[in-house]
Amino acid sequence: MPLHATIFSKVRLSSLMMGIGGVLAGTACASLSGNSELIPATLCFLFVIFAQQSGNFYYSYFDLRHKGGGHIANRMVQKEKKSSMNVLRECSIAMLLLTVMIGFPLVSMGGWWTILLGVFIFLTGWLSCGGSNPLLRTPFGVVCSFILFGPVCVIGTCLLQVVHESKGHIEWSYLIPAIYMGIIIGLMCVNSTLLYGYANLTTDLRNSKVTLIGAVGRRIGRYIFLMNGILYTLITVVMFMQLHLELNGVDFIPSIVCLLVDLYIWWQMKVRPRYLYYQLIDIGNFNVLLMGLLSYIIFEITGNPDLSHMSFFGL
């Protein structure tokens with residue numbers, strides 16, 4: 001396989017929409033209290049993108065090295081296999097170094113707790129993609145998606161912006177929306193991960209990869225997908241009832257739109273031909289991005305006025 005083909009086949013740009021959606025949701029929560037900040041938010045975007053790419057490349061490298069059969073054809077000659085392994089390993093290391101570089105300014109803005117968060121992200125990511133048995137090859141892979149893209153990404157992004165703006169003074173009310181939104185985005189990312197297993201079920205079972213869908217089957221998997229969609233919608237209702245936002249129902253638009261998208265995906269999981277299941281993965285990932293984007297637009301417009309004492313370019 002040519003060098004550029006090896007790299008671009010493992011970038012998986014669609015998967016980046018989960019991380020970006022989480023950062024947007026965290027920034028939206030910071031906007032509610034008027035604490036959204038441009039530079040920390042931008043750094044969070046870059047951190048998530050590079051971290052995800054590092055994990056994608058490393059998972060492909062691990063799969064090829066241990067003959068997992070999930071990515072590069074087993075008929076590849078030994079010379080091509082060794083070359084591809086080297087490329088994937090070096091790409092993973094390069095993305096990891098870029099992630100660490102972005103992490104340094106985040107630590108300077110957020111403080112010591114960001115170091116602990118970074119270590120947790122690294123360990124969880126490594127357990128997901130590597131180790132003796134990567135969690136993404138087991139039914140527990142959805143747990144990693146929930147934690148990393150949900151509470152960790154959303155709460156971490158919101159907290160970083162609040163801390164950076166308030167110089168360490170944090171009110172509990174600032175983080176309540178992020179806690180709710182972290183659970184919502186986490187459940188949506190569980191659905192996205194389920195779609196990967198749903199589309200690849202036959203190949204996964206052939207290669208001894210038992211995801212949650214492989215453990216429960218496609219039929220029960222569809223019920224889990226649907227229940228997640230209903231659950232995060234109900235959590236959204238509870239969230240806005242507790243926050244007492246007087247937005248005349250506008251705040252429910254993101255969750256309603258995303259639930260409709262999930263209902264479409266759920267129906268297509270039943271009627272679409274199996275060879276077209278892969279298209280549902282992109283739609284599921286986009287749904288996470290859509291939730292974050294719509295929430296950010298609405299909360300930025302209707303949230304508290306910007307409390308920032310910082311300015312850019314003299315404005």
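**The cavity, contacts and fold of a helical chain**

Good morning. I begin with the residues that line the largest cavity: seven are nonpolar, three are polar and one is charged. Here Ala, Val, Leu, Ile, Met, Phe, Trp, Tyr, Cys and Pro count as nonpolar, Asp, Glu, Lys and Arg as charged, and the others, Gly among them, as polar.

Please keep in mind that this is a predicted model, in which local features need pLDDT of at least 70 and side-chain atom pairs pLDDT 80 or more, while totals for chains, interfaces and linings use all residues. Residues are numbered from 1 along each chain as its sequence is written, and side-chain values use heavy atoms, leaving out hydrogens and water.

Let me turn to the fold. The protein chain has eleven helices and zero strands, where helices (H or I, at least four residues) and strands (E, at least two) are DSSP runs numbered from the N terminus. Read from the N terminus, the elements of the chain therefore run α-α-α-α-α-α-α-α-α-α-α. Of the 315 residues in the protein chain, 51% are buried. Buried means under 20% relative accessible area, exposed over 50%, and partly exposed in between, with a 1.4 Å probe and protein chains only.

I return to the cavity. How many cavities of 30 Å³ or more does the structure hold? There is one, and the volume of the largest cavity is about 50 Å³. A cavity is a set of points on a 1 Å grid over the protein atoms alone where a 1.4 Å probe fits but cannot get out, and lining residues have an atom within 4 Å of a point. Grid points are joined across faces, edges and corners, and the volume is the space filled by probe spheres set on them.

Which residues form the lining of the largest cavity? They are M181, I184, T236, M239, F240, D251, P254, S255, M291, S295 and F299. Four helices, α7 (172-199), α9 (212-243), α10 (253-271) and α11 (278-302), each supply at least two residues of this lining.

Two of the lining residues, F240 and F299, also bring us to the aromatic pairs. The structure has five such pairs; rings of Phe, Tyr and Trp (its six-membered ring) pair if their centres lie within 6.5 Å, and planes under 30 degrees apart count as stacked, over 60 as edge-to-face and the rest as tilted. One of the pairs joins Y58 and F62, which are tilted, with 6.5 Å between the centres and 40° between the planes. Y58 and F62 are four residues apart in helix α3, so about one helical turn separates them. Y58 is partly exposed, at a relative accessible area of 25%, whereas F62, at 10% relative accessibility, counts as buried. The ring centres of F240 and F299 lie 5.9 Å apart and their planes stand at 70°, so this pair is edge-to-face. Because F240 belongs to helix α9 and F299 to helix α11, the pair ties together parts that are 59 residues apart in sequence. Both F240 and F299 are buried. Ring pairs also link Y58, Y61 and F62 into a cluster.

Next come the charged contacts. A search of the whole structure finds two salt bridges, each being a side-chain nitrogen of Lys or Arg within 4 Å of a carboxyl oxygen of Asp or Glu. In one of them R137 meets D63, and their closest N and O atoms are 3.5 Å apart. This pair links distant parts of the chain, for R137 is in the loop between α5 (113-129) and α6 (141-166), while D63 is in helix α3 (residues 38-65), 74 residues apart. Are R137 and D63 buried or exposed? Both are buried. The side chains of R89 and E90 also form a salt bridge, at 3.7 Å from N to O. R89 is partly exposed at 27% relative accessible area, and E90 is partly exposed at 44%.

M17 lies in helix α2 (residues 16-32) and counts as buried at 17% relative accessibility. M17 and L290 are 273 residues apart in sequence, yet their C-alpha atoms are 8.9 Å apart in space. T202 belongs to helix α8 (residues 201-206) and is partly exposed, at 44%. The C-alpha atom of T202 is 8.6 Å from that of G214, twelve residues away along the chain. Finally, S208 is found in the loop between α8 and α9 and is exposed, with a relative accessible area of 62%. Although S208 is not a glycine, its phi is positive, at about 60°. Most residues other than glycine have a negative phi.

Terms used
1 Å grid on protein atoms, 1.4 Å probe; cavity = no way out; pocket = protein on both sides within 12 Å on 5 of 7 lines; lining within 4 Å.
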